[in-house]
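Please consider the model shown below. The paragraphs after it lead through its chains in turn.

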Amino acid sequence: MIRFWLEKNWVQNAVLFTLAALMVYYWGWVFDFGYKFEWSMLYTVNETYQINLGYEILRGLWVTVKITAVSAAIGLVLGTALGLSRLSDFKPLRYTATCIIEFFRNTPLLVVLFFFYFALPRALPDTLREWVFSMQFEFWTAAVAVGMYTSAFMAEVIRAGLQSIPKGILEASYSSGLSYVQVLRTIILPLAFREIIPPLGSEFLNNMKNTSLAMFVGVADMTWQAQQAEALTFKGFEATTAASVMYLSFSLIISFVLNGVNSRLRTVGNTGTSVPALFVNALCWPFGTASRLLLNPVGRFLRARKRRQAASTYLSSTRAAWLATLRRGRQALILASKAAFLAFLAACLYTVVKGVLGFDWAVVAREFSNLILWQFPNEVADPFLGLGGFALSFIIAVVAIAASFVIGLLVGLGRCSTNRIFRIPSLLYIEIIRGNPLIIVIYWVYFLIPVLFNTFFNTVWSASIALTLFTAAYLAEIVRSGIQNIPPGQVEAATASGLSYWQTMRKIILPQALKQMIPPIVGLFIAIFKDTSLVSILGVMELTSVAKAVDNRLMVNSMEIWTLAALLYFVPCFFMSKYADALERRLSPEKVNLKM
Amino acid sequence: MRIGRIIALALAITMVASAAFAGPVYDRIMQEKKIRIGIMTDSIPGAFFDEKGEWTGFDYDISTELAKRMGVELERVKVNNKTRIAFIQQNRIDVSVANMTHTRERDKSIDFSITYFFDGQKVLAKKGAFASLEDMKDKKIATMQGTTSEINIKNALKALGVANPDANVISFQKESECFQALEMGRVAGWTTDATILLGYAAKKPGEFELVGDFLSDEPYGMGLPQDDSALRDAVNFALQDMWLDGTYMAIYNKWYGPETPYAMPMTDQIEIWP
């Protein structure tokens, strides 16, 4: 009876509408927040400070847009270079690329950012440092650090895309006489980019959200401005809402554009008819026209000349000699650049080794236990017994992983459901959380729980809840893709043999889907462990906070402390990612490393 | 209906939770014989972790004394410049003793005790580099986000004729970050309350100095929940008693006395009610 009605679309819509109306009614009129909302702070001039805080937040948005654009460009270019380098025949280049990628993938962005801002300038010579400081140092540090961080993730996506190109196509193009650069330009990159636009799109979104960390080095981006508004007026709820709405809109715009690019590049199916595709086409039109009018004739002329030269079999002896020298010169150039690269690598290694040998190892030994445990004698009523540092990061990560798994599974199932009552709330949850940076979600939990429920948690729990909610949204998407990868015939067969929905899920779909999901889930767990560094904003004494506190007390050993902290993040993450790789190989043995 | 029952249960829990946290804070403190005080963790010598990893400092000692005088057990809660006011608003702590200047804007959200510490803001710079703030006009200056010093320095720069003070001020999240920026030369000066600056400068004796005049008066008050006059009275009386019987000066001299690295002469006296 109930099922019969629930299958009707209008019933589903009505239920959803009623639920929404009830929620609006309850929180709008019945519930007493014990909190005075002052939405006017977002559009009026504050009397005390004589500034319009809403306008300041908009200015922050502009900074966020700028950092996002610059870091996305850096990420894409560097990511492509790193992705290609990882497939190179020249071993030192390949290993360097691998090291860079592994470093950035397994160290929290916050730690990277602190390293770039506080540690790196000290290593520069005075004049260079002066010059660097005279530029917009904060902005560029943030943009470069976020961009490099993004590039490591993009490199892996791009590598996967490159490796997905059928080997036959490459062999065919090489045997038809194209050079490596030509193959790269006309075959590999176009094909690979078409393949990797969807995963690359999510990296662009992550990149945008990662820029929210720029505020830690004093860049007045949107998160910074929202915080500023909160600090000046103590109206955190309103300020966070404003920032959240803007981040959501920004990610929607990015997804919209990427959708357009995707359908423009796609060669099969209906291309170029959707709204995003039309928008991107309109955006590209001036460039396309300019290229047709200006560059095409030039290209045609050059190509024609080249064809004429190739057609004439006669080669004068001077020209032949000239060509031979040119070829030799090119080979010498390649050799020289390889040698230069090796020399550069050696210089870097030498500096690093010299730096590490110069460490004050006594400090490292003394503070190591602090960074791991941080037992704190005066602590009263702490559910974590004064644990801090690495141990607390680990506890938070484990709590978030365990809790988010259940939520993520349920929301993921809801997202796949055909019933709107489950699908639309799940979709909203996933999109809202994924459209916001983690730091905004942390603020949300921090401000919302006390306002909504008139109670509060220990900041550690508050942080764990935020991380759980954040992770669950990503996990739900992994679950969804896992389930959708199962051939629909299996569901039909299960239904036909009389299994109920839950039986089908529990016995047929989930066991298979979960197996496929293991590698991305391990990847997600690495991300959570790294993301625990962000809860230091609430004053939770996890690894990053402890590193700051210790650094703050010693003051002269920043390099030692931050290297140690980075290592403490890196080692577990690295082993987890190696484990994920091994799992992936075991679960899909057909994937073999293809030479380019 | 199972869902209906779950919703009803959730609503009931919410309402019970709201009831449990209502009521005057003072009564709760006296009933439970426990006061929760928010203290900073990285403000030297206000409240910080020392070499042994123990919490200590001027604010720390004052809080201990306050709890003793109120005859209740002390629960110390870590706060920072971001959480110290929010925690009072959300009833997570009863008092915040955390380098907090009493301002009118803040008084809209929480209440304050009488001034328990007299401070003012100055600028810290490398020794011998600058004579006054005027010399630093076109240089960068560091400060902490969400503090009064950020507003004061911008106003001071504006008064000196700087067109766009925002571009000259870099705001960090922590004091230690400001100090590091100053140390590596990213900024020419760092402004905040003079005691905090002295605390950091003492880490590297002879390298840094305070520049120019005080930019502002910073009367520190203890943050208290809004509209709880019983608690406000108890705290104010305890402070005045501390001053009258000399305990206050003993604690002050322990941290800011002439022999300490943070030497700062006492210039004022706590407001005493007859």
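The account below takes up the overall build of each chain.

This is a predicted model, in which local features need pLDDT of at least 70, side-chain atom pairs count only at pLDDT 80 or more, and totals for chains, interfaces and linings use all residues. Residues are numbered from 1 along each chain as its sequence is written, chains are lettered from A and ligands numbered from 1 in the order in which they are written, and side-chain values use heavy atoms, without hydrogens and water.

Chain A has 22 helices and 2 strands (DSSP runs, with helices being H or I of at least four residues and strands E of at least two, numbered from the N terminus). The radius of gyration of chain A, taken over C-alpha atoms, is 28 Å, close to the 25 Å that the globule rule (2.2 Å times the number of residues to the power 0.38) gives for 596 residues, so chain A is as compact as a globular protein of that length. Its C-alpha trace spans about 95 × 70 × 55 Å along the principal axes. Of the 596 residues in chain A, 45% are buried, meaning under 20% relative accessible area with a 1.4 Å probe and protein chains only.

Chain B comprises 10 helices and 11 strands. The C-alpha trace of chain B extends over about 70 × 55 × 40 Å along its principal axes. Buried residues account for 60% of the 274 residues in chain B. Where contacts (heavy atoms within 4.5 Å) link residues of chain B at least 6 apart in sequence, 74% join residues at least 24 apart; the corresponding share in chain A is 77%.

Definitions and conventions
Buried < 20%, exposed > 50% of the residue type's maximum accessible area, 1.4 Å probe, protein only.
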